[in-house]
Amino acid sequence: MALRPVQVNVKALDASAVGRFWAEALGWSAYSPGVTTYVGPVGGLVWPDPVAVGVDVVPVPEPRTTTKNRLHLDLATASAAHQAELVERLKGLGATPADVGQGDVPWTVLADPEGNEFCVLEPREIYRDTGPIAAVVVDCADPRAMARFWGDAIDWTLHEVTDDRAVLRSARGVGPYLEFLRTPGVKTVPDRVHLDLLPYPGDDQAAEVARLRSLGATDLDLGQGDVPWTCLADPEGHEFCVLAPS
């Protein structure tokens, strides 16, 4: 049994507009297969994508609070000129500079049109082959504990674990990294952004959910009602969903 991250779920008042922003930001396409706007590589809707982790923008009636999200995207760049061009292009699309206490750093922190933070990284060799999303980054108190839980929860390979950072990536060496960074503060409100996981064909969703509970996940009621996915929280309270097999 195994699970794989297939998309980053973003809640938005205007899912179509936020979906269009992320499609332009990543150089991908926005698809509307139902009530959500899915953003994935160009060439037609393929879900789950065999390489990329997509972005699924879900309409919600509640506006975002001012609390910083505990999960964000890092975008990859190929050169200093590319970084500068991308930052300016994103601002033209509606992104705004964001101050999350980063100080003087070589990357640029922005927020999408509804205030969700993300980073445009300076060029780094490690992200040369990730595609436009370099990493899905999660703030946490204990990267080692997150490495234990997520290393068992999904079928990705653990590349690094220290007191300050844990890094995983698909065992096939493709797509973005999943990084847990030790960050001051604690989680206080539900995030607008979370990961969605998917069982492989032939695997049992209920059995996977039971396995995650045995690893330390807890059930989460976000008012989702009777839906085909299961909402859970990891040991530090980060929300995630286990989707029904396609």
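In this predicted model, the sulfur of Cys231 has its closest cysteine sulfur in Cys241, at 3.6 Å. A disulfide requires the two sulfur atoms to lie within 2.5 Å, so this pair is too far apart for a bond. Cys241, likewise, takes part in no disulfide, and the structure as a whole holds zero disulfides.

I turn now to charged side chains. Side chains of opposite charge can pair when their charged atoms come close. How many salt bridges does the structure hold? The count is 14, and I shall take several of them in turn.

Let us begin within a helix. Glu85 and Arg89 form a salt bridge, with 3.6 Å from N to O. Both belong to helix α2, which covers residues 80-93, and because they are four residues apart there, about one helical turn separates them. Glu85 is partly exposed, with a relative accessible area of 41%, and Arg89 is also partly exposed, at 30%.

The next pair is Asp129 and Arg169, whose closest N and O atoms are 3.2 Å apart in a salt bridge. Asp129 sits in the loop between β8 (117-120) and β9 (133-140), whereas Arg169 belongs to strand β11 (residues 165-169); the pair therefore ties together parts that are 40 residues apart in sequence. Asp129 is partly exposed, at 39% relative accessibility, while Arg169 is buried, at 4%.

A further salt bridge joins the side chains of Asp164 and Arg182, at 2.6 Å from N to O. Here Asp164 is in the loop between β10 (157-161) and β11, and Arg182 is in strand β12 (residues 177-182), so this contact ties together parts 18 residues apart in sequence. Asp164 is partly exposed, with a relative accessible area of 42%.

Which residues are linked in a network of salt bridges? Glu160, Arg165 and Glu179 are linked in this way.

A polar atom of the Glu208 side chain lies 2.9 Å from the backbone nitrogen of Ala2. Thank you for your attention.

Key. Residues numbered from 1 in each chain as written. Predicted model: local features only at pLDDT ≥ 70, side-chain atom pairs only at ≥ 80, totals over all residues. Heavy atoms only, no water. Polar contact = N/O pair within 3.5 Å; in protein donor to acceptor, adjacent residues only side chain to side chain. Salt bridge = Lys/Arg side-chain N within 4 Å of Asp/Glu carboxyl O. Helix = DSSP H or I, 4+ residues; strand = E, 2+ residues; numbered from the N terminus. Buried < 20%, exposed > 50% of the residue type's maximum accessible area, 1.4 Å probe, protein only.
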